[in-house]
Amino acid sequence: MEKQRALLIINPISGTRSKDGLESLVSAAFAKKGIDIEIYKTKGADDANLKAKEAVENGFKFVVTAGGDGTVNETANALAGSDCILGILPYGSGNGFARSLGIPQDTLEALKIIENGHHITADRGIANNKPFYCTFGIGFDAVVSEKFATMKKRGRITYIRSAFREYLNYQSQSYALLINGKVVTEKALLIAVCNAPQYGNNAYIGPKAKLSDGLLDITVVHSDNPFSTIMMGMDLMTGMLDKNSSIESFQVPSVTIARTNEGPVHLDGEPLLMGKRIDIRCQEKVLKVFAPEKEKIFRPFISPLRAMLDDMRYDVMDKFRQIDKRMNGK
């Protein structure tokens with residue numbers, strides 16, 4: 001019987017966590033399962049996509065990414081529609097897709113998800129023929145993503161600083177949304193179209209969004225004053241954003257967004273330019289991806305608090321492992 005083969009794609013520059021020892025860790029885990037693994041480190045844009053396409057063509061059973069949402073997006077685009085299953089080891093700044101799936105941020109615990117073998121088939125969004133798996137954004141968050149992409153230093157604090165600086169000068173824009181055959185005109189700080197409930201870093205922009213329901217959750221964010229923006233920020237982190245009076249929400253299979261001028265948007269946090277009209281639709285059940293066998297029910301306040309405590313626990317565990325490595329000269 002032919003051995004199963006897997007590919008590990010590592011993005012060396014993603015996130016802020018060290019990837020020292022990752023290759024041997026993953027290799028040992030797959031060897032126990034009798035799976036041959038090939039390891040590849042990306043060197044530039046779209047590199048993960050090209051390598052993952054090769055894996056599909058060569059009959060690989062799994063492709064595992066060690067990177068952020070950008071690496072996941074590239075890899076997923078190559079795997080979509082195939083029988084090759086995506087595994088995720090979260091090593092990005094936000095890890096929105098992994099978090100939305102319930103994949104732990106700790107490498108060893110995330111690896112167990114892959115080893116257990118349970119997978120789901122997730123939807124994806126398509127915006128002017130460009131795919132996304134977490135969120136599409138237009139407006140303020142797209143401008144912040146564009147600025148953040150040029151910064152040398154990554155991480156949550158850098159993103160928050162960038163967002164604060166942009167907010168001081170940003171003006172809400174006018175949009176027309178075609179939803180269920182009706183045109184809705186909005187002046188908005190931003191519009192997020194969500195396949196998954198969060199941006200990343202436990203920021204729940206579409207708390208009711210589901211990865212496999214055939215629908216996109218649209219969140220229109222209005223901003224009247226700095227106080228209302230602060231309140232929205234709190235609701236974003238507690239999973240209560242859809243209850244905020246400055247928010248409008250829709251669940252639809254497709255939407256068209258029109259604006260006055262072309263400009264930046266983001267797909268899973270990766271910025272690019274798009275025109276005045278953007279057609280967005282949900283493409284149902286196209287990506288096989290490893291996920292926990294038992295789906296966690298999202299509960300406002302409780303789920304974000306649990307996620308925050310888990311992140312703290314994983315950080316402590318990682319620091320102890322690094323200390324142990326140094327003490328043992330590894």
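This is a predicted model: local features need pLDDT of at least 70, side-chain atom pairs count only at pLDDT 80 or more; totals for chains, interfaces and linings use all residues.

Reader: OK, which residues of helix H2 are buried?
Author: H2 runs over residues 47-57, and its buried ones are Asp-47, Ala-48, Asn-49, Lys-51, Ala-52 and Ala-55.

Reader: And what sits just after H2?
Author: Gly-59 does, with a positive phi of about 80°.

Reader: What is Gly-67 in contact with, leaving aside neighbours within four places in sequence?
Author: Gly-67 is in contact with Asn-11, Ser-14, Leu-89, Pro-90, Tyr-91, Gly-92 and Asn-95. As for Lys-19, it is 48 residues away from Gly-67 along the chain, and the two C-alpha atoms are separated by 9.7 Å.

Reader: Let's zoom out. How many helices and strands are there in the protein chain?
Author: The protein chain has nine helices and 16 strands. Its C-alpha trace spans about 60 × 40 × 35 Å along the principal axes.

Reader: What radius of gyration does the chain have, and what would a compact globule have?
Author: The chain has 20 Å. A compact globule of 330 residues would have a radius of gyration near 20 Å, so the two agree.

Reader: How much of the chain counts as buried?
Author: 51% of the 330 residues do. The chain exposes about 16600 Å², and carbon and sulfur atoms supply 54% of that.

Reader: What about contacts between residues at least 6 apart in sequence?
Author: Of those contacts, 70% join residues at least 24 apart.

Reader: Now the inside. Which residues touch the most other members in the largest nonpolar core?
Author: That core has 47 residues, and Phe-30, Leu-86, Ile-88, Leu-89 and Phe-97 touch the most other members. Strand E1 (residues 4-10) gives the largest share of this core, five residues. Apart from it lies another core of 39 residues, including Ala-163, Ile-179, Ala-192 and Ile-218.

Reader: Pick Phe-97. What does it touch?
Author: Not counting residues up to four places away in sequence, Phe-97 touches Asp-69, Val-72, Leu-86, Ile-88, Tyr-133, Cys-134, Leu-211, Leu-287 and Val-289.

Reader: And the charges, how many are positive and how many negative?
Author: There are 43 positive and 38 negative charges, and their mean positions are 3 Å apart.

Reader: Last topic: backbone angles. What is the phi of Asn-129, and what is the phi of Asn-202?
Author: Asn-129 has a positive phi of about 70° although it is not a glycine. Asn-202 is not a glycine either, and its phi is positive too, near 60°. Most residues other than glycine have a negative phi.

Reader: Where are they, and are they buried or exposed?
Author: Asn-129 is in the loop between strand E5 (119-127) and strand E6 (130-132), and it counts as exposed at 69% relative accessibility. Asn-202 is in the loop between strand E10 (190-194) and strand E11 (216-221), but it is buried, with a relative accessible area of 7%.

Methods. Residues are numbered from 1 along each chain as its sequence is written. Side-chain values use heavy atoms; hydrogens and water are left out. Helices (H or I, at least four residues) and strands (E, at least two) are DSSP runs, numbered from the N terminus. The radius of gyration is taken over C-alpha atoms; the globule rule is 2.2 Å times the number of residues to the power 0.38. Buried means under 20% relative accessible area, exposed over 50%, partly exposed in between (1.4 Å probe, protein chains only). Contact means heavy atoms within 4.5 Å. Accessible areas come from the Shrake-Rupley method with a 1.4 Å probe; for residues, only the protein chains shown count as cover. Lys and Arg count as positive and Asp and Glu as negative; His and the chain ends are not counted. The place of a charge is taken as NZ of Lys, CZ of Arg, CG of Asp or CD of Glu. A nonpolar core is a set of buried Ala, Val, Leu, Ile, Met, Phe, Trp, Tyr and Cys residues joined through side-chain atoms within 4.5 Å.
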